[in-house]
Amino acid sequence: MKKRKLGKTGLHVSVVGFGGIPIQKLPMKEARMLVEEALDAGINFFDTAQGYGDSEIKIGEGIKRRREQCILATKSPCRTAEEAVSHVKKAFHRTKTDYIDLYQIHQISKLHELEKVLAPEGALKGLIQLKKEGKIRHIGITGHNPDLLRKALEQSQELETVQFPFNIIEDGKDERTLLETAKKMGVGVIIMKPLAGGIIPEPELSLRWILQQKVDTVIPGMILLSEVKANAIVGAKPDPLFPQELSHLKDAVKPLGKNFCRRCMYCMPCPEGIPIYLIQE
């Protein structure tokens, strides 16, 4: 598995990481085995979150025997310093570990949220203190609004990574500007939704395309051993696309357009019990 330096964190991460949303659907034994298989395949970057059901618990169980071999990243929608400290403590309990390599401020989508995080008693202050204490090693930020994330990086040198959706469909001016800003500032770039929530029909080509776009790691969600093996093959040899492969990928995603469900499930739970993300137009 190829590795790249995750910006100014100095961490060397596998170019294909493990996205932790789908694993919540697996029984504990199967989840643990899947994480262990990912480690065996050379994947060392594991992304999870407080909001991903029991994902933190299952990933923690999977890495506990080989903690020093992996880089654990988790996150929460902490907005105040008090919340940041509380949420990190919960992450320790759920992952059964005494330090977190990367803790990210999750899902910053509105300007008022960013202002609250960066305020004197905001979440960033709490995370900086936890970093000084050695409880977390690095601090990052995530979201689906690339322009707002760019502003966040420009306003705080303490943010060491940025995580956002990017793929051959979601490739616009704001995404490109964020990529350039992050690289210029030495901020590590983590790409979520590399398969647009699983709807891009050519996963190998999509991952290879992304890995040529000034990113450090991509984190497709995995729930099957076959997915781990296929993604690890890409990570071992992330070759640029041949012209005919790029043309094929573009043709494959044309029917999807720009407006589609990303399967992020941030619309859930619906108060009426409707599975919104399964509804097709």
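**Helices, buried residues and ring contacts**

Tutor: Helix 9, residues 225-236, has 12 residues and reaches 16 Å from its first C-alpha to its last, close to the 16 Å expected at 1.5 Å a residue. Helices (H or I, at least four residues) and strands (E, at least two) are DSSP runs, numbered from the N terminus. The expected span is 1.5 Å times one less than the number of residues. This is a predicted model, in which local features need pLDDT of at least 70 and side-chain atom pairs count only at pLDDT 80 or more, while totals for chains, interfaces and linings use all residues. Residues are numbered from 1 along each chain as its sequence is written, and side-chain values use heavy atoms, with hydrogens and water left out.

Student: Which helices do the buried residues of helix 9 pack against?

Tutor: Buried means under 20% relative accessible area, exposed over 50%, and partly exposed in between, with a 1.4 Å probe and protein chains only. In helix 9 the buried residues are V228, N231, A232, V234 and G235. They cover an arc of only 155° around the axis, taken from the directions from the helix axis to the C-beta atoms, which puts them on the same side of helix 9. With contact meaning heavy atoms within 4.5 Å, these buried residues pack against helix 1 (28-40) and helix 8 (203-210).

Student: Within what arc do the buried residues of helix 5 fall?

Tutor: The residues in question are A123, L124, G126, L127 and L130. They line one face of helix 5, because seen down its axis they fall within an arc of 160°.

Student: What do the buried residues of helix 4 pack against?

Tutor: Helix 4 (residues 111-118) has E113, L114 and V117 as its buried residues. Their arc around the axis is only 100°, so they are on the same side of helix 4. Their packing partners are strand 6 (100-105), helix 5 (123-132), strand 7 (136-142) and helix 6 (146-155).

Student: Which residue's backbone oxygen lies 3.2 Å from a polar atom of the side chain of T217?

Tutor: T217 lies in strand 10 (residues 217-218) and counts as buried at 0% relative accessibility. Leaving aside residues up to four places away in sequence, T217 touches several residues, including V13, F45 and I190. The backbone oxygen at 3.2 Å is that of V15.

Student: At what distance does a polar contact join the side chains of Q163 and Q104?

Tutor: Q163 lies in strand 8 (residues 161-165) and is buried, with a relative accessible area of 0%. A polar contact is a pair of N or O atoms within 3.5 Å; within protein, one must be able to donate a hydrogen and the other to accept it, and residues adjacent in sequence count only if both atoms are side-chain atoms. The contact between the side chains of Q163 and Q104 is 3.1 Å.

Student: How many aromatic pairs are there?

Tutor: Rings of Phe, Tyr and Trp (its six-membered ring) pair if their centres lie within 6.5 Å; planes under 30 degrees apart count as stacked, over 60 as edge-to-face and the rest as tilted. By this rule the count is 3.

Student: How is the pair of F18 and F46 classed?

Tutor: F18 is buried at 0% relative accessibility, and F46 is buried with a relative accessible area of 0%. Their ring centres are 5.4 Å apart and their planes at 35°, so the pair is tilted.
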